[in-house]
Amino acid sequence: MTGPIPSGDSSQPTAPDSGMSRRSFLRTSVAFASGVAAVAAGLAPLRKLGDYCSVDEFIQKHYQELTPEEMTRVLARIEREVERQYGIRPHVRDYKPMNGVEYVYALNLTRCVGCRRCVYACVAENNQSRNPEIQYIRVLKMPNGTFDLEKGDHNYQPAAVPEKGFFYMPVQCHHCKNPPCVKVCPVKATWQEPDGITVIDYNWCIGCRYCEAACPYWARRFNFTEPSIPADEINPNMSYLGNRPRHKGVMEKCHFCIQRTRAGRYPACLEVCPTGSRKFGNILDPDSEVSYILKNKRVYVLKEELLTLPRFFYYFDI
Amino acid sequence: MIRATKNYLTFLWRCGRIAFVGGWHYYAWMGFLSILCLLGLHAYARQLAGGLVITGMCDQVSWGVYIANFTFIVGVAAAAVMVVVPVYVYRNKDLHDLVIFGELLAVAAIIMCLAFVTVDLGRPERFWHLIPGLGRFNFPRSMLSWDVIVLNIYLLLNVHICGYILYCRYQGKNPANWFYIPFVFVGIVWAVSIHTVTAFLFVGLGGRHFWNDAIIGPRFIASAFAAGPSIIILALQIIRRFSTYRIPDRALLVLRSIVQIAMLVNLFLLANELFNEFYTENLSVASARYLFFGLHGHHALVPWIWTALALDAVATVLFVLPLSRTIRWLDVACLCAIFGIWIEKGMGLVVPGFVPTPLGEMVEYTPTLNETLICLGVWSLGFLCYTIFLRMSIPILQGTLSKANEGAV
């Protein structure tokens, strides 16, 4: 690889300008050509980009500005993209929030045994990358007697759980009412929906990772490379703001299984939990399970002092 | 109108041409920088194709050397004001003819800043989402949107001031005060704002105790006003060495007295911060403990930060002693200050903010080779731009490139 050689015939400002001599023309041309060749050689790795980004994808508007017709076209395009990449025809929908619903999650710290089934159910449901592994839920093994997270173990691998002397604390997106991630995003690619779910428009995110730095719950994940998911493990029931496959360079995170919960089902992590530690429902409904828990149980809010006002609560069975 | 446009285009054409003309020193230096730029471009192309996985960053430490260098260089850009203030506010004669070199440095520095932010993006092709009107700009809530605005306006301010003054010199006219003096004074305030806003990027994150601290802003300004003029002191000597432009030692010594104060203030603020962190010793000291002493068996940054502190201390002592009135010792002091501050507020500020993570996990960060090459590329781009700016402006200031001799070349 060579650098472009600066051209020009003479540094003498007094030389008369009698048109370019043949020699200097040749020299300039050679310098120019070698410069272009060097830049081209430098950019060679871009050949591996493949179908990085179509024109339609590039000029696509923000989710909140798409008309229903445009949305239909976008969903059809995403279905085609998924089919091309994974060989599976998915069903991508844009589920809207329900009126009079605000979701809240409650997790029973007395019952959770730390089996991590929620983690893997989430990965399967939400088409998270298997390699590199992306997981929305992180379970901490905490010694009894403290809530100092630095004392937690993220990588516990015992033969059987639960272990004596410890409790387990799964952490995922807290869907804060006062979300730092939404505040810092420079392009409004992440926002709070009317039903309390903080979502990301994967086609609008520029990948600056400021939200990841802002989140006090370490709930956000970045696609450092193109995700890989075995085709036979793809969940074909997808939603635009939810579990459709992401591409490299954008953020993702827990969205309360938007494709399930907005269709009246429970999140995957709740359904799989063998101990019934996970409760989910509508806080605006005074008869819901989560309303009962928040009224009658002892509740712990992680990092309550930050006033992020999470919609995710830990509670105890006493 | 057509005539004026034609005149201006001729001016630009001649400036562009002269950037490709010089002695063998010049060709060697520019060739060297071009090669480094190309290596960086190649590394960046690899990153675009493969994703940011090619860097040392991860979900735990999601910003690394790109943002670290960005933070440092914003300070360098802001520090141009330390040449502007003595000239335009205190009517300093020694620096009068040198002020433009400071402003040109600011232009090159902002170009580097924008490059460092761009290489950090996961989806750079979506930059248009940031353009007000076209995209959806989260202003005024997001501090990053503030940073985009203040950096670009600062770039425009300096390009305007330098461009206008140079074009007037080229034409042999006196610049009209009303057309640039107001911008100079706006620029002074703006310089402080770019670095304050950059500090607020970090300070505004309530979940990160290490950054969520009012002293970060003042420390940024103090360290910038030490490192920036130090770079200008060295740059002026290089200009003096490789051109016939007259730069008196007195001018360098004016800058020295600025750095002297800034270094002392910087150390004082650092001491405040250390006291605040370590005397009370609560749980939020974890990141500072990791940085200075290591935490839970992880020590990656400890040698770096102590090197930085040692360099800062040596620089401060040298700047305070009369010894640094001799240019050789002044250069040593400047180099110590530049490297010390580069470590202290680059890696020493950005990385420990992520360690431990908000969930208490310990993951360390080391930049990869590819990442380092990209940084080298951006630094070379900055040097390349600054060299070209000097190559254009010095002959204009000396009168050897002017409207009068237009037909001669």
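These legends accompany close-up views of a predicted model.

**View 1. Confidence along chain A of the predicted model.** The mean pLDDT of chain A is 91. A value of 70 or more is reached by 93% of its residues. Residues 1-18 of chain A are another matter, with pLDDT below 50. Beyond near neighbours in sequence, this stretch has 42 contacts in the model. Where pLDDT is low, the predicted coordinates should not be read in detail.

**View 2. An open sheet of 4 strands in chain A.** The strand order is β10-β2-β12-β11, and the pairing is mixed. From one strand to the next, the twist averages 30°. Strands β2 (residues 103-108) and β12 (residues 312-316) of chain A run parallel and are joined by 4 bridges. N108(A) stands opposite Y315(A) of β12(A).

**View 3. A helix across the sheet of chain A.** Helix α9 of chain A spans residues 289-296. It lies across β2, β10, β11 and β12 of chain A. Its course makes an angle of about 110° with β10(A).

**View 4. A cis proline in chain A.** The peptide bond from N131(A) to P132(A) is cis, with omega near 0°. P132(A) sits in the loop between α4 (117-125) and β3 (138-143) of chain A. Most residues other than glycine have a negative phi, and most peptide bonds are trans.

**View 5. A positive phi in chain A.** K188(A) is not a glycine, yet its phi is positive, at about 55°. The residue belongs to the loop between α5 (180-184) and β5 (190-192) of chain A.

**View 6. The contact between chains A and B.** Chain A gives 62 residues to the contact and chain B gives 59. On the side of chain B that touches chain A, the elements giving two or more residues are α2 (24-50) and α6 (143-171) of chain B. The largest share of that side, 13 residues, comes from α2(B). By class, the side of chain B that touches chain A divides into 28 nonpolar, 20 polar and 11 charged residues.

**View 7. Helices α5 and α14 of chain B.** Two packed helices are described by the angle between their axes and the distance between the axes. Here α5 (residues 99-120) and α14 (residues 369-398) of chain B have axes that come within 9 Å and cross at roughly 155°. That angle makes α5(B) roughly antiparallel to α14(B). The crossing of α5(B) past α14(B) is right-handed. From α5(B), the residues in contact include I100(B), L104(B), L105(B), I111(B), M112(B) and F116(B). From α14(B), they include I374(B), V378(B), L381(B), C385(B), Y386(B) and F389(B). The contact of α5(B) with α14(B) has 18 nonpolar and 2 polar residues, with no charged residues.

**View 8. Helices α5 and α8 of chain B.** The axes of α5(B) and α8 (residues 216-242) of chain B come within 11 Å and cross at roughly 115°. α5(B) is therefore roughly perpendicular to α8(B). This crossing of α5(B) and α8(B) is right-handed. F101(B), G102(B) and L105(B) of α5(B) meet I232(B), A235(B), L236(B) and I239(B) of α8(B). The contact of α5(B) with α8(B) holds 6 nonpolar residues, 1 polar residue and no charged residues. L105(B) is also among the α5(B) residues that contact α14(B).

**View 9. Helices α11 and α12 of chain B.** The axes of α11 (residues 302-320) and α12 (residues 327-345) of chain B come within 8 Å. They cross at roughly 150°. The crossing of α11(B) and α12(B) is left-handed. Among the residues in contact are W304(B), L311(B), D312(B), L318(B) and F319(B) of α11(B). From α12(B), they include W329(B), V332(B), F339(B), I343(B) and E344(B). The contact of α11(B) with α12(B) counts 14 nonpolar, 2 polar and 2 charged residues.

**View 10. A cis proline in chain B.** The peptide bond from V355(B) to P356(B) is cis, with omega near -10°. P356(B) lies in the loop between α13 (347-350) and α14 of chain B.

Terms used. Residues are numbered from 1 along each chain as its sequence is written. Chains are lettered from A and ligands numbered from 1 in the order in which they are written. This is a predicted model: local features need pLDDT of at least 70, side-chain atom pairs count only at pLDDT 80 or more; totals for chains, interfaces and linings use all residues. Two strands pair if DSSP finds at least two bridges between them. Axes are lines fitted to C-alpha atoms, for helices over the stretch in contact, and angles run from 0 to 180 degrees between N-to-C directions. Two residues are in contact if their C-beta atoms, placed from the backbone, lie within 7 Å. pLDDT is the predictor's confidence in each residue, from 0 to 100. Ala, Val, Leu, Ile, Met, Phe, Trp, Tyr, Cys and Pro count as nonpolar, Asp, Glu, Lys and Arg as charged, and the others, Gly among them, as polar. Angles under 35 degrees count as roughly parallel, over 145 as roughly antiparallel, 65 to 115 as roughly perpendicular and the rest as oblique. A crossing is left-handed if the near helix is turned anticlockwise from the far one by less than a right angle, and right-handed if clockwise.
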